Amino acid sequence: MAAEVQHTFLFTDLVGFTALAAAEGDDRAADIALDLYARVRPLLADHCAEEVKTIGDALMLRCDEPAAGVRLALRIVEELEAVPGFPPVRVGVHTGAAVCRHGDWYGTTVNVAARLCAVAAGGQVLVSEGTCEAAGRLRGVDLGNRELHWLKNLERPVAARLANPHECGVALRRAPRRLLFARAVTP
C-alpha cells in the first residue's frame, strides 16, 4: 500500500473580528477582511502555496511542503504586524493526509489546522508537532516548547509548538498582540 500524500494546511484569521464588526460596523469589518486577503495572496507564490478558500475573516491555505507552510505562516504575521492599526492575526498549521473534493479539502488534518488557529493568540503561529517533524530543521525559525492542546471535537490532545523568527542566534519571541480598534490602512 502506497503512503498517503501529505499536505500542509494553514488557517489564518483576525483576532477580535466579531467585536470589531460590532464596534465599527459590518461594512468596515468586511473591508478589513478583504484587506487581509489582499495582503496575504501575494505571499502565496513565494511559498508554493494555494488559497483553498476564504471564510469570513479567515483564509484556508495549502502547501505541498511543511517548511514552506511554516515560513508562510510567519511571513503572514510579520507582514500584517507591520500595518499600523491592523487587527492581530493568528495562524494554525498542521500536516497530514486530506481528501480533496470539488476544489475543497476535508479531513482531520484540515480540522486540526483550523483548531490550532482558534487557540493561538494574536500575532502567534501555532505549528503541530507533525508539521515540525515533517518540516525538519528550519533555519531562521525557533520552534518553542512542545505543548499539548485539547482541541474541540478531538479525542486526544494535539502537540504543537509556537513558531517565531530566529535571527543571529536570538529568537524573536512575539508577545500576544492585544486588539486595538484603530483604523487599519486599506489599499
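Me: Why does Cys48 count as exposed?

Reply: In this predicted model, Cys48 has a relative accessibility of 60%. Exposed means over 50%, so Cys48 is called exposed.

Me: Where is Cys48 found, and what is its phi?

Reply: Cys48 is found in the loop between helix 2 and strand 2 (49-55). Its phi is positive, about 50 degrees, although Cys48 is not a glycine. Most residues other than glycine have a negative phi.

Me: How do you know that Cys48 is in no disulfide?

Reply: The nearest cysteine sulfur belongs to Cys63 and is 7.9 Å away. A disulfide needs two cysteine sulfur atoms within 2.5 Å, and therefore Cys48 is in no disulfide. By this rule the count of disulfides is zero.

Me: What makes Cys100 partly exposed?

Reply: The relative accessible area of Cys100 is 37%. Buried is under 20% and exposed is over 50%, with partly exposed in between, so Cys100 is partly exposed.

Me: Why is His102 called exposed, and where does it lie?

Reply: His102 has 87% relative accessibility and therefore counts as exposed, the cut-off being over 50%. His102 lies in the loop between strand 5 (99-101) and strand 6 (104-106). His102 has a positive phi of about 50 degrees, and it is not a glycine.

Me: Is Tyr106 buried, partly exposed or exposed, and what does it touch?

Reply: Tyr106, in strand 6, has a relative accessible area of 44%. Partly exposed lies between the buried limit of 20% and the exposed limit of 50%, so Tyr106 is partly exposed. Not counting residues up to four places away in sequence, Tyr106 touches Ala98, Val99 and Arg101.

Me: Which residues meet between helix 1 and helix 2?

Reply: From helix 1 come Phe17, Leu20, Ala21 and Glu24; from helix 2 come Asp26, Arg28, Ala29, Ile32 and Ala33. Six residues of this contact are nonpolar, three are charged and none is polar.

Me: Which residues of the largest nonpolar core touch the most other members?

Reply: The core has 36 residues, and Leu36, Leu72, Ile76 and Val125 touch the most other members. Among the elements that each supply at least two residues are strand 1 (7-14), helix 1 (17-24), helix 3 (66-81) and helix 5 (129-135). Helix 2 gives the largest share, eight residues.

Me: What is Ile76 in contact with?

Reply: Leaving aside neighbours within four places in sequence, Ile76 is in contact with Thr12, Val40, Leu43, Leu61, Val89 and Val91. Another core, of nine residues, lies apart from the largest one and includes Phe9, Phe11, Val52 and Met60.

Me: How many helices and strands are in the protein chain, and what percentage of its residues is buried?

Reply: The protein chain has five helices and 11 strands. Of its 187 residues, 48% are buried, which means under 20% relative accessible area. Among contacts between residues at least 6 apart in sequence, 69% join residues at least 24 apart.

Key. Residues are numbered from 1 along each chain as its sequence is written. This is a predicted model: local features need pLDDT of at least 70, side-chain atom pairs count only at pLDDT 80 or more; totals for chains, interfaces and linings use all residues. Side-chain values use heavy atoms; hydrogens and water are left out. A nonpolar core is a set of buried Ala, Val, Leu, Ile, Met, Phe, Trp, Tyr and Cys residues joined through side-chain atoms within 4.5 Å. Buried means under 20% relative accessible area, exposed over 50%, partly exposed in between (1.4 Å probe, protein chains only). Helices (H or I, at least four residues) and strands (E, at least two) are DSSP runs, numbered from the N terminus. Contact means heavy atoms within 4.5 Å. Ala, Val, Leu, Ile, Met, Phe, Trp, Tyr, Cys and Pro count as nonpolar, Asp, Glu, Lys and Arg as charged, and the others, Gly among them, as polar.
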